[in-house]
Amino acid sequence: MALLPRLLPTGIGSLPHTNPQEAVNFVDGYLRDFPFWPQLPRRSDRENMYHQFCHGLPGFRWRDGKGVIDLSDAEEALVSFYQECLEGTQSGYPFSGYAAGFEVFVQGDRPEAQAVKGQVTGPISLGLCLAQPDGKPALYNETIMDVISRHVAKVAAAQARELLRMSPQVLMFLDEPYISTYGSAYFAYGKDQVINYLTQAVEGIPGIKGIHCCGNTDWDLVMKTPVELLSFDAYDYLEQFCLYGPSVARFLKDGGYLAWGLVPRSPEAGVETPGTLSGRFDRGLSLLEARGADPQDVLGRSFLTPACGLGGLDIDLAHSIFSLLGQTSAHLRQRYITV
């Protein structure tokens, strides 16, 4: 049977905790149907989203809070890397020791979960945040980007296989905050590059493959990739996202999903209520319907989430945000979802 989230909540990725068991307990306390493993960037630099998934990346080094890729003396590592890609011989998950939340999460038992969620930093964001030896972004080197996108695919696939041990379905998000720079005068990269690197990164990943961007981006471009789930900031960029309504309508008809980042990841959450956030959702639903989307497709194939990860907040605010998320989900489901 097809997965139908029907406005149930899940999370984006990072939490402000430093104790992995406490972070997993936090997730399990709020999310029964779609729990996620928590990234813990405050725990260690190794769990920074631009470091965490680079373990095993040929030519990579992390120094003074910055990542550099130098392939000039990485010939042996590259041969082994491409051999693994061709043969699919990767075993285990290649970020062991860099994700304490994951290692605790996969030891748990979640029989009620419809799916579990994982995440990995996407190739465009890695390409803009990792540097070549001359200091230029890795994104502007096709050889390095081929390695990065294939590496992302390996990490995501290995992670998904591990998560499938505890659930019949997996949601695997590529976190791509920097895809919002597409079209900017400051970052010159093309449409074909984005499509190619994202496609290469998601091909072969078991489960439902998603893209999360917490900024404004060209969602038509994203929908030209094999991605099956669009995770967007519905608090600050609702109207901008809904401009893509005709494409979103086709995307949903073809089996795609939406994840509405409805709850702000800031103290603004304290002035919102389930009623005000439900009103924002109603506005988005009306805009999408006016542009051709079937409301029943939207309602049946939508998750609710915070607008972005919560790793930079304090724990009390994270609790407030997830409490508000759960209440908003219940409020909307009472109005729209008939069991």
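User: What should I keep in mind about the numbering and the model?
Analyst: Residues are numbered from 1 along each chain as its sequence is written. The model is predicted, so local features need pLDDT of at least 70 and side-chain atom pairs pLDDT 80 or more, while totals for chains, interfaces and linings use all residues; side-chain values use heavy atoms, without hydrogens and water.

User: Why are S1 and S2 called paired strands?
Analyst: Strands are DSSP runs (E, at least two residues; helices are H or I, at least four), numbered from the N terminus. Two strands pair if DSSP finds at least two bridges between them. S1 and S2 have four bridges in the antiparallel sense, so they meet that definition. Phe60 stands opposite Ile69 in S2, and Trp62 has Gly67 as its bridge partner.

User: What makes up the turn between S1 and S2?
Analyst: Two residues lie between the strands of this hairpin, and Asp64 in the turn has a positive phi of about 55°.

User: Why are S1 and S4 described as standing at the edges?
Analyst: The order of this open, mixed sheet is S1-S2-S4. Strand S1 (60-63) and strand S4 (130-131) each have a single partner strand, so one side of each has no neighbour in the sheet.

User: What is the strand order of the six-stranded sheet, and which strands are its edges?
Analyst: This open sheet with parallel pairing runs S3-S5-S6-S7-S8-S9. Strand S3 (116-121) and strand S9 (302-306) are at the edges, because each has a single partner strand. On average, neighbouring strands are turned by 25° against each other, direction ignored. S3 and strand S5 (residues 170-175) run parallel and are joined by six bridges; one of the partner pairs is Val116 with Val170 in S5.

User: How do you know that H5 and H6 meet, and what is the angle of their crossing?
Analyst: Contact means heavy atoms within 4.5 Å. Glu142, Met145, Asp146, Ser149, Arg150, Val152 and Ala153 in H5 meet Tyr197, Gln200 and Ala201 in H6. The axes of H5 (residues 142-163) and H6 (residues 191-202) come within 7 Å and cross at roughly 35°, with axes fitted to C-alpha atoms over the stretch in contact and angles taken from 0 to 180 degrees between N-to-C directions.

User: What makes the largest pocket a pocket, and what is its volume?
Analyst: On a 1 Å grid over the protein atoms alone, a pocket is an open set of points where a 1.4 Å probe fits, with protein on both sides within 12 Å along at least five of seven lines; lining residues have an atom within 4 Å of a point. The largest pocket has a volume of about 330 Å³, counted as the space filled by probe spheres set on the points, which are joined across faces, edges and corners. Of its 20 lining residues, Ser14, Met49, Pro177, Cys308 and Gly309 are the closest to the centre.
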